[in-house]
Amino acid sequence: MKKALLSILTVLLASVVLLSACSKNQNAGETTAVESAATASNSATSDSAGYDPYAVENRYDIPEEMFQKRSGVGYGTLLKDVSYYSTVAGDDKQVNILLPAGYDENQTYPVTYVYHGFGGDHNTHIDTDSYLVLLYGNMLHDGTAVPQILVGMDMYTDQLADKESKTDEELRFIYDKAIEETGVDLMPFIEANYPVNKGRENTAIAGMSEGGAKSLCTGFQWLDKFGYIGAFAPDTGVIPTEYYKGTFWNTPVFEEFPQPTAENMPYYLYMTVGSEDPWNIDCTLYYRDVLNEMGVKNQTDYVEGYGHDADFWGQCFYNFLAKVFQQ
């Protein structure tokens, strides 16, 4: 009898152990499934979100070789002094247009518009063997930039015959007219005559110094047209500041930055200034602080060792071209 009871108890105990083991294995299987689902979900979210330019730190160690001509690299086709009529200027204006290496007129391309600094013109950055043309050609060859059309603009927006007689103060306010002219005259001309993809997701604007200020103004004036904005050591005169107050440099285009909506928030807004810049550190960082308070995402760099010159502009353009249109 005792033996029979002992046998029954042994069987029952074995059953309990077996059921417990099965239960643990089942729960372990459920946990693994949940972790896999979470991983898949995170992966899908990451893939659907696409490229995030803000997640990539900008570089300021680009070697000189990136701005020099290489053997076996194509640098595209430069169309110089292309003329179009500007209703805002009341006269013809000129641009330089760079078509990328491998250009196919049966394809369409995004477009980046480039402003010069004070006293420059459409030849300043985009010209035969200029640093920006060579940089872009090398980046495109290396696969670090997207095929696109570059347009070198002239901010002078008035009667061309009178240009040489203008004072700096007159030029400042003539340059301001380029903000409207770019959207009203230049962009329609480019879109009508060259195979560019329309829409803010395919359109960028960048500039340095006074051109950086005008890039901010143009980008925010036309938030529905420009998805990417680059302002390299931008001058005062975008919004009211305390810097150079009482001078024509400080006369603001906007009383405040236009507030972007969820639909027209820039895909990438990049500002930067060097620690050795003699003029525009304070106003660049002030623009950053105002935009941050507005909730406008931006990537603003304060870079040690750089001044207000072409060495710095080259570094800035590398970062901008490496990020625009990548999604």
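Leaving aside neighbours within four places in sequence, which residues is Gly212 in contact with? They are Gly207, Ala231, Phe232 and Pro234, where contact means heavy atoms within 4.5 Å. This is a predicted model: local features need pLDDT of at least 70, side-chain atom pairs count only at pLDDT 80 or more, and totals for chains, interfaces and linings use all residues. Residues are numbered from 1 along each chain as its sequence is written, and side-chain values use heavy atoms, with hydrogens and water left out.

**Overall build**

- The protein has six helices and eight strands. These are DSSP runs, numbered from the N terminus: helices are H or I with at least four residues, strands are E with at least two.
- Along the sequence, the pattern reads α-β-β-β-α-β-α-β-α-β-β-α-β-α.
- Of the 327 residues, 49% count as buried. Buried means under 20% relative accessible area, exposed means over 50%, and partly exposed lies in between (1.4 Å probe, protein chains only).
- Take the contacts with a separation of 6 or more: 75% of them join residues 24 or more positions apart.

**The nonpolar core**

- The largest nonpolar core has 90 residues. Such a core is a set of buried Ala, Val, Leu, Ile, Met, Phe, Trp, Tyr and Cys residues joined through side-chain atoms within 4.5 Å.
- Helix 3 (residues 168-193) gives the most to this core, with nine residues.
- Tyr113 and Phe220 have the most contacts inside the core.

- The structure holds one cavity of 30 Å³ or more. On a 1 Å grid over the protein atoms alone, a cavity is a set of points where a 1.4 Å probe fits but cannot get out, and lining residues have an atom within 4 Å of a point.
- Rolling a probe the size of a water molecule over the atoms shows where empty space is left.
- About 30 Å³ of space lies in the largest cavity. Grid points are joined across faces, edges and corners, and the volume is the space filled by probe spheres set on the points.
- Its lining consists of Val114, His116, Asp121, His122, Thr124, His125, Ile126, Gly152 and Met153.
- Three of these lining residues are nonpolar, five are polar and one is charged. Here Ala, Val, Leu, Ile, Met, Phe, Trp, Tyr, Cys and Pro count as nonpolar, Asp, Glu, Lys and Arg as charged, and the others, Gly among them, as polar.

- Thr218 is found in helix 4 (residues 210-221). Thr218 counts as buried because its relative accessible area is 0%.
- Not counting residues up to four places away in sequence, Thr218 touches Tyr115, Ile179, Thr182, Ile205 and Phe226.
- Gly212 also has its place in helix 4. With a relative accessible area of 0%, Gly212 is buried.
- Gly212 and Thr272 are 60 residues apart in sequence, and their C-alpha atoms are 9.8 Å apart in space.
- Ser209 lies in the loop between strand 5 (203-208) and helix 4. Ser209 is buried, at 11% relative accessibility.

**Positive phi**

- Most residues other than glycine have a negative phi.
- Ser209 is not a glycine, but its phi is positive, at about 60 degrees.
- Phe325 is not a glycine either, and has a positive phi of about 65 degrees.
- Phe325 sits in the segment after helix 6 (310-323). Phe325 counts as buried because its relative accessibility is 10%.

- Thr77 lies in strand 1 (residues 77-86). Thr77 counts as partly exposed because its relative accessibility is 42%.
- Thr77 and Leu99 are 22 residues apart in sequence, yet 5.0 Å apart in space, C-alpha to C-alpha.
- Beyond neighbours within four places in sequence, Thr77 is in contact with Ile97, Leu98 and Leu99.
- Gln299 is in strand 8 (residues 299-303). Gln299 counts as buried, at 11% relative accessibility.
- The side chains of Gln299 and Tyr268 are joined by a polar contact of 2.5 Å. A polar contact is a pair of N or O atoms within 3.5 Å; within protein, one must be able to donate a hydrogen and the other to accept it, and residues adjacent in sequence count only if both atoms are side-chain atoms.
- Leaving aside neighbours within four places in sequence, Gln299 is in contact with residues including Pro53, Tyr54, Val56, Tyr268, Met271 and Lys323.

Notes
1 Å grid on protein atoms, 1.4 Å probe; cavity = no way out; pocket = protein on both sides within 12 Å on 5 of 7 lines; lining within 4 Å.
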